Amino acid sequence: MNALSRLILGTAFALTLVACAGGPATRSPSLYDRLGGKPAITAVVDDFVGNVAADKRINGQFANTDIPRLKMLLVEQICAGTGGPCRYTGRDMKSAHAHLKISQADFAALVEDLTRTLDKFKVPAKEQNELIAVLAPMKSDIVTVK
């Protein structure tokens, strides 16, 4: 086989590989992107904190909380946890909640308030479930009253 034949055969083989590969791989959008990025997360956090403030079951837990800082940290946490570019700068959940005596019922009320907000913003069920799956592992560090 001469050099020209090898070149043609090699080129044909390479073109076949590229065609079979289907072009460049496409990544599915992150949960962060599907939620609408930082502006949408910020709007959700603002509404969610408003729900919590109006929730007589748990709003007392936040009486001495720096609300603007809480909102900032929640945005960072959700942004980072959903694949966004943010970095969470707050304390770990266990030390941040250790003194609060949060019960299972308190945590459930918080999740209800979040779900109400997600429904208000028409976040699809798939994304809601994925977001809850990101946040749910924190429950064992937040709930201190068994």
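Biologist: At what angle do α3 and α4 pack?
Modeller: About 135°, with the axes of α3 (residues 37-54) and α4 9 Å apart. Keep in mind that this is a predicted model.

Biologist: What does that make α3 relative to α4?
Modeller: The angle makes α3 oblique to α4. The crossing of α3 past α4 is right-handed.

Biologist: Which residues make the contact?
Modeller: From α3, K38, I41, T42, V45, D46, F48 and V49. From α4, I67, K71, L74, V75, I78 and C79.

Biologist: And how do the residues of the contact of α3 with α4 divide?
Modeller: Into 9 nonpolar, 1 polar and 3 charged.

Biologist: New topic, α7. Which residues of α7 are buried?
Modeller: In helix α7 (residues 125-135), E127, Q128, L131 and L135 are buried. Down the axis of α7, the buried residues fall within an arc of 105°, so they line one face of the helix.

Biologist: What is exposed on the other side of α7?
Modeller: A125, K126 and N129.

Biologist: Which helices do the buried residues of α7 pack against?
Modeller: They pack against α2 (31-35), α4 (67-81), α6 (104-120) and α8 (139-142).

Biologist: Let's take α6. How do the axes of α6 and α7 cross?
Modeller: At roughly 150°, and they come within 11 Å. That angle makes α6 roughly antiparallel to α7. α6 passes α7 in a right-handed crossing.

Biologist: Which residues in α6 and α7 meet?
Modeller: V111, L114, T115, L118 and D119 in α6 meet Q128, L131, I132 and L135 in α7. By class, this contact of α6 with α7 has 6 nonpolar, 2 polar and 1 charged residues.

Methods
Residues are numbered from 1 along each chain as its sequence is written. This is a predicted model: local features need pLDDT of at least 70, side-chain atom pairs count only at pLDDT 80 or more; totals for chains, interfaces and linings use all residues. Side-chain values use heavy atoms; hydrogens and water are left out. Buried means under 20% relative accessible area, exposed over 50%, partly exposed in between (1.4 Å probe, protein chains only). Helices (H or I, at least four residues) and strands (E, at least two) are DSSP runs, numbered from the N terminus. The arc is that of the directions from the helix axis to the C-beta atoms. Contact means heavy atoms within 4.5 Å. Axes are lines fitted to C-alpha atoms, for helices over the stretch in contact, and angles run from 0 to 180 degrees between N-to-C directions. Angles under 35 degrees count as roughly parallel, over 145 as roughly antiparallel, 65 to 115 as roughly perpendicular and the rest as oblique. A crossing is left-handed if the near helix is turned anticlockwise from the far one by less than a right angle, and right-handed if clockwise. Ala, Val, Leu, Ile, Met, Phe, Trp, Tyr, Cys and Pro count as nonpolar, Asp, Glu, Lys and Arg as charged, and the others, Gly among them, as polar.
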